[in-house]
Amino acid sequence: MTKKPMEFASVIPAIIDSVRYASAMAAHDISFYRTMDKEIDTIAAESSEMLLEMLRNLTTSKDLSDTSNLMINSQAFWDNFESKLDTIYEKVDVAMEKYDITHKKNTKIAAISMGPLEKPQVHFAEDIDNSDTKPFKPKLRSKPFCLRLLEDLLVTDTEGRYEHPYQHEIMTQPYPDWILDKCLPEEPQDWDSQPATFVSTVTQLNDMVKKLKSSKSIAVDLEHHDLRTYYGLTCLMQISDRDQDWLIDVLALRSDMVILNEIFANPNIVKVFHGAFMDIIWLQRDLGLYVVSLFDTYHAAKLLGYPKRSLAYLLEKFAGFKASKKYQLADWRLRPLPDAMSHYARADTHFLLNIFDHLRNSLVDEKEEKLQQVLFASRKVALRKFEFIKFSEELGKVDESSTIMTNYNVPIHLENRLRLLVGWRDKTARSMDESTRYIMPNSTLVQLAASDVPTDNSSIAAIRSVNVTGFQLESLVNFMNENFENSSTESTNNNFKISQQTEDTSADSLHIVLQNQRQLLPQVASGVCGTSSLFTESLLGSEILHPRLNKKDTKLLQLLPLLWSSFTSAANNPPAMSDREQQGDRELSPEREALQSEETVLDAQNIRGFKVGKQEYSTTKREGASSTNIVNYEEALQAQNTEETKKRKRSVQQFDPHSHNGKKAQYGAPRKRRQFQGKSAAFTK
């Protein structure tokens, strides 16, 4: 062995140990221990200084001679540090590529493959349509095992969408009778006894379909790619029966895969998937395939109450197979497929029928017909329908710009710019058939929205994550220069209008804050003798303002007199309340109760127990609304005027049972009523 490999043999274990120790240390609260032990604090301080010095040395170079003078907590330091890390990673990638070429090993994932891959879309017989000008039309040429003719279904509804072509068959065709009985789990074929068959020609595809027609059940899985295409590409399909495994090159057979409907639409052949939620969409969009008699092992694991529901967990539990997710995010467009990626893909279906046997037996043993519930949940998954974004009921209402603004805390004055950039990115991604995140990630959108204009090609091209060149780059520069100046002017005008309305907005906000304490306002108004100054003094002295408001703030003192007329009017003419509200009983009206009862019955058909928990929470919430803790607050204050009671007072005033939706409430679990443990009976009642 040469000296160089020996050096690597000693370095790699040291790196692994360092990462392991760093991860273990990160799991502990070091700051807490530093405050408790002086020795730990000293050691941690010395180690931190050593690491920071290493960072300074790493980011110092001849071309950036002033880097060492940057403060460690400055943004410029970390920007430069990130750039240096990117350079190091690039050099590592180049070295790995050279190593692969030298040793002729084909075991690396596509992310480390030699050079960019050619986009397979250029060889498709059909053009890729990313437009939203019309709804998605099913790619079916014929409809095997139909109960309703295809020509009767290829018409649009009132909203312009096509009906699911196999909806009737999926919901009405019965599963085979044998699925309801227990069986002896059949072990899969030995892994090494027979390799997987790679299918890349029409002849091989027809031979596989002919053999599958005699199967009672098959296992199916898909591998997908969504970076270098707008909607995504199904790249590989894995199918296994009890005797053989197949890997189908979907990229090569894309226009011929529809023949598999003779298997997928056959109700007498059970198709076993794990987590078919997205697989169903991909099959329709790319291949025109629809699944009847689906069994989703994810829903079986969920209903059986397993601690985990992933395929990796089921493989380890029933097959003793430790799955590796190393290639989960690999580029499945790569051809020829490396052996390691082939083994990974094959494992997803090779053991799945055996897992299906075990799960089915467990479901049959369970009471309350859990097997039928899993079959119904699987039918609902098979009913999913692909649609273009504009016509999609799920995706069409998503506001991407608002989501980015929330996630990145984008200032409101940059909203117009951000929306313009989001629209430009989406249009460009559609025309180039690239994903929007490949064109530029959201973080880059925010960076461009905040950039100065006018700009030029070199400034934009310097941003590494902008993957546009030539015409598209020129288009982006012109788009920013033409639109950003106008959007900036509009933002300035909007800010001016907002500044003019600040006083009124603040007054309205304060009005809302006080109105939330409606039951205490009459007490304040009753002590006012007709002047705004007395009203302000009483309001400040009553302590019913929100605790976060600074009572010495001059703006607040100026706003309170503005509310004088509105609050005296509210005190003299309180809103009309029903008899139930006056009695503190805030039950729902009979009409609302009937509607809620009807919704409960409908939802209980799909998800057991969800609506029950939600009803219990609603009842508890309404009981909390009429709690005497709020009504008898003044009595408690007189009985126990201590500092501890004052804290409770602030807590009671902030408690709004109608707007407080805790985490438990979101999941339907009843929330415990808060019990105050003071000496006064008003807090313990």
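## Salt bridges in a predicted model

Being 3 residues apart in helix α12 (residues 352-365), Asp357 and Arg360 are separated by about one helical turn. Their side chains form a salt bridge, with the closest N and O atoms 3.5 Å apart. Asp357 is buried, at a relative accessible area of 2%, and Arg360 is likewise buried, at 3%. Elsewhere, salt bridges that share partners connect Glu126, Lys139, Arg254, Arg285 and Asp286 in one network.

The model is predicted, and its salt bridges number 27.

| Pair | Closest N to O distance |
|---|---|
| Asp357 and Arg360 | 3.5 Å |
| Glu186 and Arg242 | 3.9 Å |

Asp249 is buried, with a relative accessible area of 7%, while Arg335 is partly exposed, with 27%.

Glu186 forms a salt bridge with Arg242. Here too distant parts of the chain are linked, across 56 residues: Glu186 sits in the loop between α5 (167-172) and β1 (197-199), and Arg242 in the loop between β3 (233-240) and β4 (245-249). Glu186 counts as partly exposed, at 37% relative accessibility.

Confidence is as follows. The chain has a mean pLDDT of 74, and 59% of its residues reach 70 or more. Residues 61-68 have pLDDT below 50, and this stretch has 8 contacts beyond near neighbours in sequence. Over residues 104-114 pLDDT also stays under 50, with 19 contacts beyond four places in sequence. Where pLDDT is low, predicted coordinates should not be read in detail.

Definitions and conventions. Residues numbered from 1 in each chain as written. Predicted model: local features only at pLDDT ≥ 70, side-chain atom pairs only at ≥ 80, totals over all residues. Heavy atoms only, no water. pLDDT = per-residue confidence, 0-100. Contact = heavy atoms within 4.5 Å. Salt bridge = Lys/Arg side-chain N within 4 Å of Asp/Glu carboxyl O. Helix = DSSP H or I, 4+ residues; strand = E, 2+ residues; numbered from the N terminus. Buried < 20%, exposed > 50% of the residue type's maximum accessible area, 1.4 Å probe, protein only.
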